[in-house]
Amino acid sequence: MHRDRFYTLTASCPDQVGIIARVSGFIAQNGGWILESSFHADALTGRYFMRIEIKADSLPFLLAEFRERFRSEVAEPLSMTWTINDSAIKKRVVVLVSRQEHCLYDLLARWQAKELDIEIPCVISNHDTFRGFVEWHGIPFIHVPVTPDNKQAAYAEIARIFDDVRADTMVLARYMQILSPELCDALAGRIINIHHSFLPSFAGAKPYHQAYTRGVKLIGATCHYVTSELDAGPIIEQDVIRIDHSDSPEDMVRYGKDIEKTVLARGLRYHLEDRVLVHGNKTVVFR
């Protein structure tokens, strides 16, 4: 990561000859200094993906003017889907948690150490379990109970809080509730979840006990975007660790917690750094 302020341009468009030349040429013609660039042509989808970091003070105009010029001169002619973000503006992340602490503890430790250079305007939970821990960090804790009878109202309240604190991203740090389709659709590409296996294996209750019964030799975790289709959103990051017959279900739970928190933090970082591009259910991650 650079010390100087920079803009991150991410884009995808139908593949064709000359895309890099058009984009880099536009940046160069305006005095732009490219700090980092990544490109990928996907043969199956016929889609071209790119991520470019531009030194902010190398451009003669502000970001708003860059957006307007780039839109008319480059993006529209190439039928691009694109965004550009400013490294000087910290992303605001709302964390949701239930009663499992490991992902919450890890995220707050990384936040406190500035490893995740973000703002956390609040933590929301359907239980009051971690209020003291969260408030000790100086972060507001909001209890939104979820019952079979109030789910629609509860998710409407979560959506209201998310908007009120001007959040950019929602992270489900082992939040053990299924979000409403309305909330998933409203925040498409902005809700990140951690799943306890390589999706879609071992869904439901006691996944590590299921894995133990099946005699698996690898267990893993998947960080993905949340959609209205349960555990089927675009995948951001995955990892595995090896186990053997001597490991008990309790051992597997312990190993699983370690890999879950690591994969969630890594996936969140890729998202925050605009390293994830999504087209349909296809993800390109520039690590």
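Q: Is strand β5 (residues 93–97) mostly covered or mostly open?
A: First, the ground rules. This is a predicted model, where local features need pLDDT of at least 70, side-chain atom pairs count only at pLDDT 80 or more, and totals for chains, interfaces and linings use all residues. Residues are numbered from 1 along each chain as its sequence is written, and side-chain values use heavy atoms, without hydrogens and water. Strands (E, at least two residues) and helices (H or I, at least four) are DSSP runs, numbered from the N terminus. Buried means under 20% relative accessible area, with a 1.4 Å probe and protein chains only. β5 is mostly covered: five of its five residues are buried.

Q: Which way do the residues of β5 point?
A: V93, V95 and V97 point one way. V94 and L96 point the other way. All are buried.

Q: Which strand does β5 join over four bridges?
A: Strands of a sheet pair through backbone hydrogen bonds, either parallel or antiparallel. Two strands pair if DSSP finds at least two bridges between them. Four bridges join β5 to β8 (residues 169–172), and the two run parallel. L96 has L172 as its bridge partner in β8.

Q: How many bridges pair β5 with β6?
A: Three, with β6 (residues 123–125) in the parallel sense. Here the bridge partner of L96 is I124.

Q: What is the strand order in the sheet?
A: Seven strands form an open sheet, in the order β7-β6-β5-β8-β9-β10-β11, with mixed pairing. β7 (141–143) and β11 (235–242) stand at the edges, each with a single partner strand, so one side of each has no neighbour in the sheet.

How values were computed: Buried means under 20% relative accessible area, exposed over 50%, partly exposed in between (1.4 Å probe, protein chains only).
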